[in-house]
Amino acid sequence: MPLSTEDLYEKTMLMSKNVEDNFLDLGRYLRQLLDREPELFQEIIVKCDLGRRKAYYLVEVSRTFDPLPISRPRLKKLGWTKLQIIGKHVTKDNVEELVTLAENHSVKQLERLMQGDAPMKNAHCVLMYFTPKQYAELEAALLKNGGERSGRGIVGKEEALINALRKATPGPEQVQPAKEKPTHEPPDEAD
């Protein structure tokens, strides 16, 4: 027997307090609310501080994976972020292959694989803060050097940044990665 709209609303409000543990059921309830009462769906997003993007991702995950023959424990273990990434490509014929791929790769590696790129090994993350003017300049340089707009972001920004750096300072492509610092082990004792 389907849940009433009021019950869906209450369950969704309760589950939204712990998204990571409840994302499969939460996604299903959000999807049902969106289909039945879009105004209540929007209200939940605001009241639960769920975030519009995350709420729609959870709905997308539910629409994609609920009808597929894959165990819920495996899906739960992967998490909604990885499921959302492979969800755009998954069919009933390739679900096992893509779930296995997601189980064996990090989120960033999986994103690259789904875009048709090879995953990076030992990649480094750089966090930088820019003023609005500096960010506009960075964005322009990235777009000029091979980056492409995608939604609110830029795809291919890493390669575009390297292209811009190579143009600015010829020769950095010859730079080798820093070697690991040796661990300090006690010297072997002489016999």
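## Stop 1

Select Glu111, which is partly exposed with a relative accessible area of 28%; buried means under 20% relative accessible area, exposed over 50%, and partly exposed in between (1.4 Å probe, protein chains only). This is a predicted model, in which local features need pLDDT of at least 70, side-chain atom pairs count only at pLDDT 80 or more, and totals for chains, interfaces and linings use all residues. Residues are numbered from 1 along each chain as its sequence is written, and side-chain values use heavy atoms, with hydrogens and water left out.

Lys108 and Glu111 form a salt bridge, their closest N and O atoms being 3.3 Å apart. A salt bridge here is a side-chain nitrogen of Lys or Arg within 4 Å of a carboxyl oxygen of Asp or Glu. Side chains of opposite charge can pair when their charged atoms come close. Both residues of this pair lie in helix 8, three residues apart, about one turn of the helix.

## Stop 2: the whole chain

Zoom out and colour by secondary structure. The chain has 10 helices and two strands; these are DSSP runs numbered from the N terminus, helices being H or I with at least four residues and strands E with at least two. From the N terminus on, the order of elements is α-α-α-α-α-α-α-α-α-β-β-α. Of the 191 residues, 28% count as buried.

## Stop 3: the largest pocket

Helix 10 gives the most, with six residues.

The space in the largest pocket is about 2,100 Å³. The search runs on a 1 Å grid over the protein atoms alone: a pocket is an open set of points where a 1.4 Å probe fits, with protein on both sides within 12 Å along at least five of seven lines, and lining residues have an atom within 4 Å of a point. Grid points are joined across faces, edges and corners, and the volume is the space filled by probe spheres set on the points.

Colour the lining by residue class to see 19 nonpolar, 12 polar and 11 charged residues. In this count Ala, Val, Leu, Ile, Met, Phe, Trp, Tyr, Cys and Pro are nonpolar, Asp, Glu, Lys and Arg are charged, and the others, Gly among them, are polar.

## Stop 4: a nonpolar patch

Select Val126, Met128, Phe130, Tyr135, Leu161, Ile162 and Leu165. Together they form a nonpolar patch on the surface with about 610 Å² of accessible area. Patches are made of residues with over 30% relative accessible area and no salt bridge, with nonpolar side chains (Val, Leu, Ile, Met, Phe, Trp, Tyr) joined within 5 Å and like charges within 9 Å. Accessible areas come from the Shrake-Rupley method with a 1.4 Å probe, and for residues only the protein chains shown count as cover.

Helix 10 (residues 157-168) gives the most to the patch, with three residues. Phe130 is in the loop between helix 8 (107-114) and helix 9 (132-144), and is partly exposed at 36%.

## Stop 5: helix 9

Lys144 counts as exposed at 70% relative accessibility.

In helix 9, also select Lys133 and Glu137, which are four residues apart, about one turn of the helix. Their salt bridge has its closest N and O atoms 2.8 Å apart. Lys133 is exposed at 60%, while Glu137 is partly exposed at 48%.

## Stop 6: Asp35 and Arg63

Select Asp35 and Arg63, whose side chains meet in a salt bridge (2.8 Å, N to O). Asp35 lies in helix 2 (residues 19-36) and Arg63 in helix 4, so the pair ties together parts that are 28 residues apart in sequence. Asp35 is partly exposed at 47%, and Arg63 is partly exposed at 41%.

Last, select Asp25, Arg28, Arg31, Asp66 and Arg72, which are linked in a network of salt bridges. The whole structure holds 11 salt bridges.
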